[in-house]
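Colleague: Hi! Could you walk me through the holes inside this protein?
Modeller: Happy to, here it is.
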Amino acid sequence: MLYIKNAAQVVTVSGGSKAPKIGSEMEQLNVIGNGGVVVEGDIIAFAGTDQEAADYVEQHAGGKDVKVILAEGKTVTPGLIDPHTHVVFAGSREHELALRLRGATYMEILQAGGGILNSANKTRAASESQLIGETRKRLDRFLVHGVTTIEAKSGYGLRLADELKQLRAARFLHNDHPVDLVSTFMGAHAVPPEYKSDPDKYVRIVTEEMIPAVAKEGLAEYCDVFCEEGVFTPGQSKTILEAGLKWGLKPKIHADEIVPYRGAELAAEIGAVSAEHLLRASDAGIRAMAEKGVIAVLLPGTAFFLMTKPADARKMIEAGVPVALSTDRNPGSSPTESLPFIMNLACLTMRMTPAEALTACTINAAHAIGRADRIGSIEVGKQADLVIFDAPNVEYMQYHYAVNLTETVIKNGVAVILNGKRTYACAR
């Protein structure tokens, strides 16, 4: 039995397990002052005031060993969830920063063979064991920032063998690392150079060869596509997502990042679980997403790093779109594993409130990857994924920006980060 004792705040984010929080619901964190949490095995057994938690321990401990973690003056939250990453890849692209500082755009770099295509070349050349080794270090950094579950997209292989290699690496790490990985197939991340003159042929390869192979091996739950001018058209994107649906892969979509391209509208039309980026989403697209309950996964770190205007989170929240947040961890446009910093940016660049930002990184993020019945809130019966922040309240977490306040991370009932230090070895 594990007893987290005497926290300044236990922020449960309860009440959103059946549907993501929208509008004013995103402000409702359901905070317990002077709180305590009790974990039995890998499940949350009790959450309430510290006196109530102490009483629970006394009544239920019996002869069990009780480990106590003191959280006086600190804030306990659900484990943070990152619902949009490209975490499995090889190499880095730091040289692109100077190009962008000199005025090169994201699409100009991509069309010149850089960007995604640069990472694809490095990932194709890497072995599966190399991908596992490089990605493990990133997962370690996610964990020390309080992130206990992430979505991991493929999309740096752009040919069957290498897409499968990425997804197999993600599956291995899901079983070998404390962070849980939820896999998304994204062979339609870019058109590889060998199909630049015939992108429709590449679409056929994605739909007729890649998707069936991924589904047959059970390597992904979701299918994503980069619906963007100069990448995949709305028509091509729809074809790919419909093919994924036929093979049991739920749709997600990179939408309206660079220009308005009817990606948000397509997300609503096809019933996507989430639409992601959305920097240039139209008002009509936002309304359609609200009507269909499509989750907006917003990536303020990407806009910050690309030095562009972020998505209009306030408009989406006021329209009733459920909003989640993500690092978009990737080698080119958002090389960070700090989801707490992304919450800072959501407040400072998109005017989300501290409460909205935490909701977006917990229960709403859990809905974006189909895990809200298990994680995303501190409720009895849910998986014991918890974070203790060295902060007296949620507002302080966002006020004291760009500093990692994560002190202790509990994954499946085990303190894998304790007082800022790693306690795990490797396999679970």
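Modeller: α13 (339-350) and α16 (394-399) each supply at least two residues of the lining of the second largest cavity. Helices here are DSSP runs (H or I, at least four residues), numbered from the N terminus. This is a predicted model: local features need pLDDT of at least 70, side-chain atom pairs count only at pLDDT 80 or more, and totals for chains, interfaces and linings use all residues. Residues are numbered from 1 along each chain as its sequence is written, and side-chain values use heavy atoms, leaving out hydrogens and water.

Colleague: What volume does the second largest cavity have?
Modeller: About 60 Å³, where a volume is the space filled by probe spheres set on the points, with grid points joined across faces, edges and corners.

Colleague: And the largest cavity, which residues lie nearest its centre?
Modeller: Y106, H189, D328, N330 and S333, out of 14 lining residues. About 90 Å³ of space lies in the largest cavity.

Colleague: New topic: is H84 buried or exposed?
Modeller: H84 is buried, because its relative accessible area is 0% and buried means under 20% (1.4 Å probe, protein chains only).

Notes. 1 Å grid on protein atoms, 1.4 Å probe; cavity = no way out; pocket = protein on both sides within 12 Å on 5 of 7 lines; lining within 4 Å. Buried < 20%, exposed > 50% of the residue type's maximum accessible area, 1.4 Å probe, protein only.
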